Amino acid sequence: MDNTQGLIVSSAPHLKSDMTTSKAMKDVILALVPVTLVAVYFFQTYALFLVTACLVTAAVTEVLFRKLMNKKATLHDYSALLTGLLVALCFSATTEWWKGALATFIAIGVAKELMGGLGWNRFNPALFGRISLILLAPWFVPLNSGLSAWSVNLGTVDTITQGTPLAMLQQGMAMPGFFQLFAWYPGGAMAEASALAVLLGGLYLIYKQHIRWIIPLSILGTVFVLTLVAGQNPFYQLVSGGLMLGAFFMATDWVTCPINDRGKIIFGVAIGVLIVFFRLGLAATEGVGFAILIMNAFVPAIERVTRRASFSAPRAVSIPLPDKGTPVSK
Amino acid sequence: MEVRTFLGGAHIPHYKSFTEDKPITRLSVPKVVIVPLSQHLGAPNEPLVKVGDKVEVGQKIGDSQEHIAAPVHASVSGTVVAIEPRPWYEGGETMSIVIEADESMNQDFVPKVEQNPADLSKEEIIAAIREAGIVGMGGAAFPTHANISQKKAVDSLLLNGAECEPFLTCDHRQMVERPDDLIAGAEMMMRCIGAKTCYIGIEVNKPDAIEILSEKVKDREDIKIVPLAVKYPQGNKAHLINAITGRNVPRGARSADLGCIVRNVGTTIAGYEAVVYGRPCYERVVTVTGPTVPKPGNYIVRIGTPVSHVVREAGVENLEEMKVVVGGPMTGMAQANLEAPVVKSNTGVLILPREMVREDVEYFDCVRCAKCVEQCPVFLYPNEISIACENDMISKAESWDVMDCIECGICAYICPSGRPIVKFIKRVKPEIKKLQRSRR
Ligand code: SF4
Ligand code: SF4
């Protein structure tokens with residue numbers, strides 16, 4: 001009893017919640033499992049190969065950059081693997097593996113680690129990597145022929161010849177039924193294979209309180225209303241073109257979205273407006289990615305205008321009538 | 001039932017089941033007590049005894065000439081063996097009077113008077129409370145007589161029975177076991193401050209206390225029981241005022257400026273006993289608990305009892321891999337050794353195993369998860385504050401209103417990156433205070 005050697009001493013508070021960044025990241029990866037499985041079902045070895053290539057690149061890049069920058073390894077927080085998986089899901093399954101790997105390298109090396117590591121990046125790393133590849137595409141023609149020697153023959157899968165639903169939508173082609181498109185329709189990026197699976201993952205994240213419902217709802221709501229006004233079928237718009245993945249997994253990224261609720265609403269609505277603008281005005285199929293990245297850049301400005309006052313800030317009316325608390329239930 | 005609360009705040013598991021049904025019992029009297037000379041906020045006390053003096057339970061042994069001070073009393077009958085600096089639960093040492101209990105002497109307090117507060121004038125009541133050394137027993141330690149001798153008009157007395165910190169149940173048990181004394185104490189205080197109404201705020205996780213007290217006041221207009229949502233930090237003064245009256249509490253304002261005075265329920269009962277029996281504050285109810293404690297309970301502990309005695313009496317043998325906290329788990333102090341004594345403002349002694357406690361070991365960069373921002377009860381941005389404080393960017397921290405922080409601990413509790421935000425804040429606050437003073 002007199003031996004107090006083993007006592008733990010540290011500052012208050014003495015309790016901790018059971019949430020850690022790595023647990024949250026693991027949960028997000030878990031939430032992506034359904035759509036990944038759907039993609040693997042449709043695209044088989046193509047999907048598996050691309051996902052693996054991105055995951056491996058993610059891990060290697062993270063370790064390499066941390067080492068070069070003389071920082072502690074942070075692979076255990078799973079954020080690198082999550083980024084790798086997200087990058088893979090943004091590509092169509094037949095993309096050459098080195099494109100996925102390059103996008104992942106840019107995502108983790110440039111967009112995350114060079115910016116200071118997790119928490120300091122301004123842009124969503126996965127989207128940054130994906131969109132970089134689109135912008136770099138003109139340079140790929142020589143690269144492609146040079147690297148074709150290393151491309152891997154994975155056999156053929158007949159589903160991959162189908163057109164992208166969003167492109168079909170924009171060209172006014174005959175569309176599959178809504179529910180088929182919603183639940184089970186390969187075409188475009190792997191994450192577009194099933195909006196339903198993405199939605200399930202997103203709802204799981206909301207249930208686990210890793211993300212708030214505000215951003216997804218304001219994005220989807222804005223897209224729905226605007227496309228309706230523009231005379232489009234809003235339901236088709238909601239389930240096509242990576243909108244679900246963007247709304248639930250990309251725009252809600254902790255690091256790159258506004259921190260308080262008012263900011264989240266502004267952010268979500270603005271993304272929705274940009275998406276509709278890109279889709280209807282420019283016929284771009286990567287509108288979601290561009291819209292989110294553009295708004296990422298505005299987050300500091302949004303934070304500035306939405307800063308709330310402290311509880312102890314003097315308010316105009318400091319003594320309201322007595323008996324006016326805040327009832328939360330009757 | 002209308003349940004009130006404030007905006008923000010956190011739902012933290014309350015772990016109250018270990019002791020919430022345990023009736024208040026007495027802890028054995030220790031062989032030696034260490035009574036810190038000054039246990040209040042305000043002017044320091046001078047000793048009234050010297051080494052070798054015989055003292056009796058309840059005898060005044062330290063006092064000050066100043067108004068804002070509360071005397072201290074012997075908590076055992078025996079001999080003063082030392083007056084010297086001794087460990088203090090917040091760290092460091094403080095001048096203390098060490099008394100060795102004499103087993104041949106009576107160790108129980110004998111009431112000297114028995115009077116009805118209704119027969120006493122306001123001034124007599126306030127004098128009796130001062131003489132008894134009553135201070136805020138919920139943790140604030142501000143002398144109660146100074147609090148209730150306000151000149152400002154005050155319309156409401158708010159009794160704080162929220163007891164929002166996890167584990168603690170001492171106020172809960174006192175409300176359940178001594179509702180009549182509580183109500184009588186409330187009446188007495190209302191008279192002193194001239195309040196028309198008394199609101200007793202109780203979190204709804206104490207339904208028995210709400211029921212018993214509601215039954216007692218069902219026919220009266222002047223005392224109201226206000227059920228409060230179970231949310232931390234519901235018992236913080238500003239948040240309690242906000243929840244019950246809807247008034248905002250701007251920085252710098254004292255609660256009397258807002259027309260209300262807040263008292264803890266335990267303090268109210270102690271104040272009542274001080275007036276009726278002349279019983280000084282030489283003991284208090286302390287919740288001794290933890291998931292592995294063999295005999296958890298709500299114990300009446302003599303002021304000055306070493307924490308080691310309390311821990312031993314609760315049956316705890318092995319302290320390896322344990323954290324011993326004096327106070328609540330969110331704001332209390334971890335003890336490096338157990339020599340410090342229990343003082344008037346200590347609500348609990350918690351013995352917590354390593355699995356459940358936070359430690360200042362490894363932490364990571366802020367990932368902007370927004371959880372601290374969502375839950376900060378003062379609507380601050382603990383994420384920005386923590387980055388500014390971590391890098392000693394004093395004026396940046398100030399511009400994020402770090403001085404408004406009530407150090408409730410929610411942000412550090414919730415942070416998935418394990419950032420010791422409150423520790424950062426506590427380090428920076430004194431420097432900003434210095435800066436602000438030099439600006440004036
Ligand atoms: S400790 Fe301060 S900053 Fe942190 S949640 Fe509480 S009031 Fe807010
Ligand atoms: S809880 Fe921690 S990680 Fe999350 S925003 Fe606050 S400081 Fe950053």
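This is a predicted model: local features need pLDDT of at least 70, side-chain atom pairs count only at pLDDT 80 or more; totals for chains, interfaces and linings use all residues.
**Strand 11 of chain B**
- Strand 11 covers residues 197–203, and seven of its seven residues are buried, where buried means under 20% relative accessible area with a 1.4 Å probe and protein chains only.
- On one side of the strand lie Thr197(B), Tyr199(B), Gly201(B) and Glu203(B), on the other Cys198(B), Ile200(B) and Ile202(B), and all of them are buried.
- Strand 10 (residues 156–161) of chain B runs parallel to strand 11 and is joined to it by six bridges; two strands pair if DSSP finds at least two bridges between them.
- Strand 12 (residues 223–228) of chain B is also parallel to strand 11, again with six bridges, and there the bridge partner of Cys198(B) is Ile223(B).
- Together with helix 5 (residues 207–216), strands 11 and 12 of chain B make a right-handed β-α-β unit, which is to say that, with the strands pointing away from the viewer, the path from the first strand over the helix to the second runs clockwise.

**The open sheet of chain B**
- Six strands of chain B form an open sheet with mixed pairing, in the order 2-15-14-18-16-17; its edge strands, strand 2 (25–26) and strand 17 (333–334), each pair on one side only.
- Within this sheet, strand 14 (residues 283–289) and strand 18 (residues 348–353) of chain B pair in the parallel sense over three bridges, and Val288(B) stands opposite Val349(B) in strand 18.

**Ligand 1**
- Ligand 1 is surrounded by 13 residues, of which the closest are Cys376(B), Cys405(B), Cys408(B), Gly409(B) and Cys411(B); a residue counts as near if one of its heavy atoms lies within 4 Å.
- Helix 12 (410–414) and helix 13 (421–439) of chain B each supply at least two residues of this shell.

**Chain A**
- Chain A has 14 helices and one strand, these being DSSP runs of at least four residues (H or I) and at least two (E) respectively, numbered from the N terminus.
- Of its 330 residues, 52% count as buried.

Technical notes. Residues are numbered from 1 along each chain as its sequence is written. Chains are lettered from A and ligands numbered from 1 in the order in which they are written. Side-chain values use heavy atoms; hydrogens and water are left out. Buried means under 20% relative accessible area, exposed over 50%, partly exposed in between (1.4 Å probe, protein chains only).
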